[in-house]
Amino acid sequence: MDSRFLEYSRDAVNVLSKFHETDFIIYVEDEDDKYFWDTIFKVNKVKFTYYFEPVGGCAELDNKIEKIIKFELGNTILVARDADYIVLSSKAKYNDRVIYTYGYSIENCIFNKDAIAELIKSNCRNNESCEENIEFFYNYLFENLLYLWEFDYFCVTEGCSKKVLGDNCSKFLMKQNNFKFNIDFIKNEILNLENEIKIKEHIEPSLDDFIRWLRGHFLQSALLVFIKKLGDIKSLPSDNLFSQACGLLKYTLLDDEIRKNYYMNICNRINQLLN
């Protein structure tokens, strides 16, 4: 086992908050999640103190959630998890000490509309309005990937082994680093999926909900290609784009009223656990 993610005994877990002199120990997947939730808490000026414990994967987080549900972990233990498709499919396990992202993953919040506008301006060196470019980006994804996304959602929630979207958009592009989908390839993929899988109930998300529930890493990969094409940029590492967006999070997080209220309610709920 990776030494960074040692498994503690039940008793050891329950005294971690005392050891770190905090109100709560919050289990997260990795360092990116740690940064994200730390920003959420600081922007909302929470009353509680906390220490993050990365566990290295969602499977281990689900294990912690199960223990919380069964009252096997103390009241100072929290879990912060990407919603993935489990929230959308109503398969999430809820508890006051279990919190989920507003969309599929932290990336769906980090790469929000306001952040994308700033990323386009800074990387493409263009201070003009980005509204039309963002609308094009969103609609292009929605119009060309909706059916693939629906199959992706169905395969995951129904336990199929078929991989549909994955975490990178490259296989759906006409060519690398050119934001133009191979429509014939996509149509063929959909045809093959229709022959293999029968969807029980179709989903008709709005444009905003589609972006909210699209795989976060897939969204990031598509945005990277889009910005590079838009600005004729030869080199822009994915990690660089992610770091830029993270730096904007504390400014863009509260710009959307629904998202703002969602995370504010989470913080208020945890504040109440102190009582």
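**View 1. Contacts across the sequence in the predicted model.** Among contacts that join residues at least 6 apart in sequence, 72% link residues at least 24 apart, in a chain whose coordinates come from a predicted model. The secondary structure of this chain consists of 12 helices and four strands. Its radius of gyration, 20 Å, is close to the 19 Å that the globule rule gives for 275 residues, so the chain is as compact as a globular protein of that length. Taken along the principal axes, the box filled by the C-alpha atoms is roughly 55 × 45 × 35 Å.

**View 2. The largest nonpolar core.** This core, the largest of its kind in the model, has 93 residues, and those with the most contacts inside it are Trp 37, Phe 41, Phe 137 and Leu 141. Helix H7, which spans residues 131–157, gives the most to this core, contributing 14 residues. In soluble globular proteins, nonpolar side chains tend to be buried together. Over the chain as a whole, 49% of the 275 residues count as buried.

**View 3. The surroundings of Phe 41.** When residues up to four places away in sequence are left out of the count, Phe 41 touches Ile 26, Val 46, Phe 48, Tyr 50 and Phe 52, and also Ile 99, Cys 267 and Ile 270. Phe 41 is also one of the residues with the most contacts inside the largest nonpolar core.

View 4. The chain exposes about 14,500 Å², of which carbon and sulfur atoms supply 47%.

Key. Residues numbered from 1 in each chain as written. Predicted model: local features only at pLDDT ≥ 70, side-chain atom pairs only at ≥ 80, totals over all residues. Heavy atoms only, no water. Core = buried A, V, L, I, M, F, W, Y, C linked by side-chain atoms within 4.5 Å. Buried < 20%, exposed > 50% of the residue type's maximum accessible area, 1.4 Å probe, protein only. Helix = DSSP H or I, 4+ residues; strand = E, 2+ residues; numbered from the N terminus. Contact = heavy atoms within 4.5 Å. Rg over C-alpha atoms; globule rule 2.2 N^0.38 Å. Areas by Shrake-Rupley, 256 points an atom, 1.4 Å probe, with all protein chains shown as cover.
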